[in-house]
Each structure stands twice: as structure tokens, then as C-alpha cells.
Amino acid sequence: DMDGALAKYGEAAALDPEDPDPLIWQSLLLTLRQFPEEAVEKAREAVGIAPDSAEALSALCMALEWDGANSGDQAKLQDALGACLSATDLDPAYAEAHAYLSEVYADLGRKADALEEARLAVALDDSSVFAHRNLGYALEKQRKYQDSLAEYQRASQLHPRLAQPYIDMGRLHKAHNRLKDALASYEKATVVDPNSAFALDLLGWAYFEAGDHQRAAVVLKKATEADPTYIPAYGHLGLAYYVIRNYEDAIAAFRTAFDLGADKLEYYYELGLSYVYLDRCDEARPWMEKAIEMDPTAWPAWEGLDLCEGK
């Protein structure tokens with residue numbers, strides 16, 4: 001119960017503002033739930049309370065790493081590197097610090113360093129789920145499919161109620177065109193963490209790519225209900241509704257995605273086309289024009305405007 005855990009750690013932090021541990025756990029869970037900015041905030045609070053805590057610095061490292069990797073922000077990855085190096089200096093035997101450092105190195109393209117740190121993490125604590133998970137990630141970056149999969153599976157065995165290893169396995173299977181296996185892994189992730197909008201969105205989009213658009217729409221709708229602020233789920237839901245010609249609901253999903261801050265070319269012209277197919281060209285044109293402004297070669301937008309000629 002990730003939501004329940006987050007709430008209780010929040011209560012614990014309020015009861016004792018000088019204890020960094022609840023903040024460290026909040027940061028970890030927020031990172032896993034794909035809220036890295038909030039995770040960074042909690043980890044910074046923990047470091048402020050305990051600047052010499054390897055655990056607090058490691059939590060900050062992980063949160064910064066996921067935030068930087070998701071956004072493509074190299075500065076955040078460098079900040080993550082600094083936090084992890086500080087943590088390993090403070091406690092060279094802390095396995096998770098080396099595991100998180102491995103992930104930073106992997107996303108900075110330092111593949112050999114990533115593998116070395118991950119193997120050290122496993123050597124320090126063979127029971128650490130993150131040591132094995134991040135060893136899997138380091139091996140994945142080196143394109144060692146079977147070895148990577150074995151480490152993700154080991155991580156899932158160590159912590160069967162954690163969604164992340166199943167998400168990792170799904171991504172790995174998908175990258176190797178094993179869509180059936182990817183669907184099974186994402187499905188497992190949603191079983192162990194049914195309120196994760198991130199996991200539900202991954203599962204729904206995998207169904208979409210498999211051509212099961214109706215089921216994709218059902219799962220993606222659940223993702224928006226799990227987190228009404230999760231932008232990718234609304235964009236993907238709009239695409240699923242569009243493909244099954246449910247244009248009214250596609251419009252609602254795309255509009256919500258834009259209200260939340262989405263700015264993706266495909267969403268603009270497919271929203272416009274949804275209006276076109278409902279014979280609402282006056283409402284369609286601004287979205288088509290925005291798509292063309294973003295990319296003059298957005299041919300679906302030009303086709304939509306052509307369809308509206310004379311209407």
C-alpha cells in the first residue's frame with residue numbers, strides 16, 4: 001500500500017521534524033511512484049537535518065537521478081553524482097549508495113563504472129533489491145539482455161510487492177520486441193501496485209501498441225483515475241479513443257492533457273482531427289494551426305485543414 005505508506009511517513013515526519021528517516025522513506029517512495037521533483041524536496045529536507053547521513057544523501061542521489069533521467073537534465077545527473085559520491089565517502093559499506101551511483105553512471109554513459117559499482121553493491125549486500133535491480137540496469141545499458149533480465153527477476157524475488165522490477169522487465173522485453181512478455185510484466189506491476197498511474201499507463205500503452213485499442217482505453221482510463229494529474233496517461237488515452245473513433249472522449253482527454261501542461265505535436269493535430277470528424281471545424285482549426293506552427297511538415301494537420309475547406 002504505497003499510498004498508505006506515504007501518508008504514514010508524512011505523519012511520522014510531522015511528529016518528529018528532527019528525524020530524517022521518514023523523509024528518506026518518503027523520498028524513496030515518491031521516486032518509485034514517478035514523482036521525482038517531490039522526492040528531491042523530501043530528500044533535501046532529510047539532508048538538511050542530517051548532512052552527514054549516507055542514507056539521506058543516497059535518497060537525494062536517487063531522486064535527482066530519476067528526475068534528471070526523466071527530463072534529460074544533465075545538471076541534475078551531475079548533482080546526483082555528487083550526492084552519491086558523498087554518500088559512498090561517508091559509508092563505503094552502504095550497498096544502496098553504490099547501487100544508486102551505478103544508475104547515475106549508467107545514465108551518464110559511463111557503462112564500465114556503472115557495472116563496477118553495481119557489482120560492488122551486490123557484493124556488499126546480496127539481499128538488496130536495489131543492488132540487483134541496478135545491476136540489471138547496468139547490464140541492460142550494455143545490451144546484455146539475458147543477464148539483465150536475470151537480475152531484474154532476482155530483484156522481484158527479493159521484494160515481490162515492489163512494482164519497479166516488473167516495470168524494468170517490461171521495458172526490457174518491449175525493447176526486444178517480446179510484447180507478450182512485456183504485457184505480462186506490466187500487468188504484474190499493476191497487480192502489486194494497483195494505484196500506480198505510471199504502471200497503468202505503461203500497461204495501457206503496451207496494449208495500444210499491441211493493437212488492442214479497446215483494452216488500452218480501459219487501462220489508460222484507470223491510470224487517469226489513479227492520478228488525475230498524470231499527463232502521459234491523458235495523452236495516451238486521447239490517442240486510444242481517437243483510434244477507436246470515440247472522438248468526444250478523445251477531445252476531453254487531449255484537452256485535459258493540455259490543461260495539465262502537455263505540449264506534444266501529435267496531440268494537437270489529433271485533437272484537431274477529432275473535432276473535424278465531428279464536423280466542428282471552427283473548433284478544429286486552431287489546433288491544426290498550432291500543430292503546423294510547431295512543425296510545418298505535420299501533414300495530418302494539413303489534411304485536417306483540407307477536410308475543413310468549404311465547411
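The crossing of helices α4 and α5 is left-handed, meaning that the near helix is turned anticlockwise from the far one by less than a right angle (clockwise would be right-handed). This is a predicted model in which local features need pLDDT of at least 70 and side-chain atom pairs count only at pLDDT 80 or more, while totals for chains, interfaces and linings use all residues. Residues are numbered from 1 along each chain as its sequence is written, and side-chain values use heavy atoms, leaving out hydrogens and water.

**Packing of α4 and α5**

- Helix α4 spans residues 54–71 and helix α5 residues 74–90; helices are DSSP runs (H or I, at least four residues) numbered from the N terminus.
- Their axes come within 8 Å and cross at roughly 160 degrees, where axes are lines fitted to C-alpha atoms over the stretch in contact and angles run from 0 to 180 degrees between N-to-C directions.
- The two helices are therefore roughly antiparallel to each other (angles over 145 degrees).
- Residues of α4 in the contact (heavy atoms within 4.5 Å) include L57, L60, C61 and L64, and those of α5 include L77, A80, A83 and C84.
- By class, this contact has twelve nonpolar, four polar and four charged residues; Ala, Val, Leu, Ile, Met, Phe, Trp, Tyr, Cys and Pro count as nonpolar, Asp, Glu, Lys and Arg as charged, and the others, Gly among them, as polar.

**A salt bridge between helices, and its network**

- R171 forms a salt bridge with E140, the closest N and O atoms being 2.8 Å apart; the term requires a side-chain nitrogen of Lys or Arg within 4 Å of a carboxyl oxygen of Asp or Glu.
- R171 lies in α10 (residues 164–175) and E140 in α8 (residues 129–141), so the pair ties together parts that are 31 residues apart in sequence.
- E140 is buried at 18% relative accessibility, whereas R171 is partly exposed at 28% (buried is under 20% relative accessible area, exposed over 50%, partly exposed in between, with a 1.4 Å probe and protein chains only).
- Salt bridges link E103, R133, E140, D168 and R171 in a network.

**Two further salt bridges**

- D282 and R285 meet through their side chains at 3.1 Å, N to O.
- These two residues are three apart in helix α17 (residues 281–294), and so about one helical turn separates them.
- D282 is exposed at 67% relative accessibility, and R285 is partly exposed at 24%.
- D212 and R215 form a salt bridge at 3.6 Å, N to O.
- D212 is partly exposed at 29% relative accessible area, and R215 is partly exposed at 44%.

Technical notes
Parallel < 35°, antiparallel > 145°, perpendicular 65-115°, else oblique.
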